[in-house]
Amino acid sequence: MKLKGQTIVLTGSSSGIGAEAARLFARRGARLCLVARREEQLRDVQQAIQAEGGSAFIYPCDLSDNDAIAACVAQILADHPRIDALVNNAAHSIRRPIEDALDRLHDFERTAQLNYIGAVAITLKLLPRFLEQGHGHVVNVSSLSTQIPIPLFSAYLASKSALESFTRSLQAELGHKGISTTVVYFPMVRTPMSSRTAIYKYMPMMDVKKAAGWLVEACEKRPARIARPMGKVGSVLLAAVPGPVTRLPQPLFRGMDKLLANRLKKKG
Ligand SMILES: NC(=O)c1ccc[n+]([C@@H]2O[C@H](COP(=O)([O-])OP(=O)(O)OC[C@H]3O[C@@H](n4cnc5c(N)ncnc54)[C@H](OP(=O)(O)O)[C@@H]3O)[C@@H](O)[C@H]2O)c1
């Protein structure tokens, strides 16, 4: 699918993977609708795109606010007669043991509201236009860690799994009406999100440019899934033998966290 002339709504485009992907999409000739809360950062991305001769529009919006989403999408629909794709990339991650979250139900509510409900809300508002056009591609961003269960990210990963499930329903119900979907399962990527956890400083991670390339591939090739081979194998094993696959690697993850913490202590 050629992206030249296509209009793409990209959330979470003020930072990290989204900001990088916005520039890549624009270089392919796509027109970008950039959505995130921070207007100044969105404007920086817009200006970088325009400086290269690309086309981008900004829509500052808090995607954890359903009314704000409705107003934002109404404006996007009014401004653009055709919208070809939606990339639900905005998200918030929380790294916290479940035992430390006993009084923090709001961790689960907040991640669900932004990462799941927010993405669904924007999708539902754009769907009538997609159906009217007879085409529309929805890319939902998830994580390798829903394919290989890791500890400490329960609220975040539950919200991503819910989004994956919604994506499958969307494809199953509306595929015959021209709606296509991709779930992107990123591994750890060096961005402001992953940098918030100090011990990850020396962890090998995917480069943000490569991750942004996955979002472009999702819109160009429109596969059902983009994931590392390790994640694909993880999904099969998880479906076949969920108990051992969930239990057995955990000592390894605890050991890795200790190793990373020691490395941080030594190197600073
Ligand atoms: N980095 C990783 O290791 C990793 C791994 C697996 C999956 N992912 C996924 O990749 C995607 C991009 O993450 P990233 O690493 O690029 O993170 P990031 O640099 O922290 O960017 C997150 C983006 O989401 C936006 N956002 C956050 N809260 C928002 C809200 N309430 N309303 C609107 N926008 C909001 C932020 O913009 P504002 O602050 O301006 O609103 C920002 O543009 C996410 O879906 C994440 O879950 C990342």
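Predicted model: local features only at pLDDT ≥ 70, side-chain atom pairs only at ≥ 80, totals over all residues.
Local features need pLDDT of at least 70 and side-chain atom pairs count only at pLDDT 80 or more, while totals for chains, interfaces and linings use all residues. Residues are numbered from 1 along each chain as its sequence is written, and side-chain values use heavy atoms, with hydrogens and water left out.

User: How far is the side chain of serine 15 from an oxygen atom of the ligand?
Analyst: Glycine 12 places a backbone N or O atom 3.1 Å from a ligand oxygen. For serine 14, a polar side-chain atom is 2.8 Å from an oxygen atom of the ligand. In serine 15, a side-chain N or O atom lies from a ligand oxygen at 2.6 Å.

User: What percentage of the ligand's exposed area does the protein bury?
Analyst: Accessible areas come from the Shrake-Rupley method with a 1.4 Å probe. Alone, the ligand exposes 880 Å². The share of this that the protein buries is 95%.

User: Is glutamine 250 buried or exposed?
Analyst: Glutamine 250 is in helix H10 (residues 250–267), where a helix is a DSSP run (H or I) of at least four residues. Buried means under 20% relative accessible area, exposed over 50%, partly exposed in between (1.4 Å probe, protein chains only). Because its relative accessibility is 15%, glutamine 250 counts as buried.

How values were computed:
Polar contact = N/O pair within 3.5 Å; in protein donor to acceptor, adjacent residues only side chain to side chain. Helix = DSSP H or I, 4+ residues; strand = E, 2+ residues; numbered from the N terminus.
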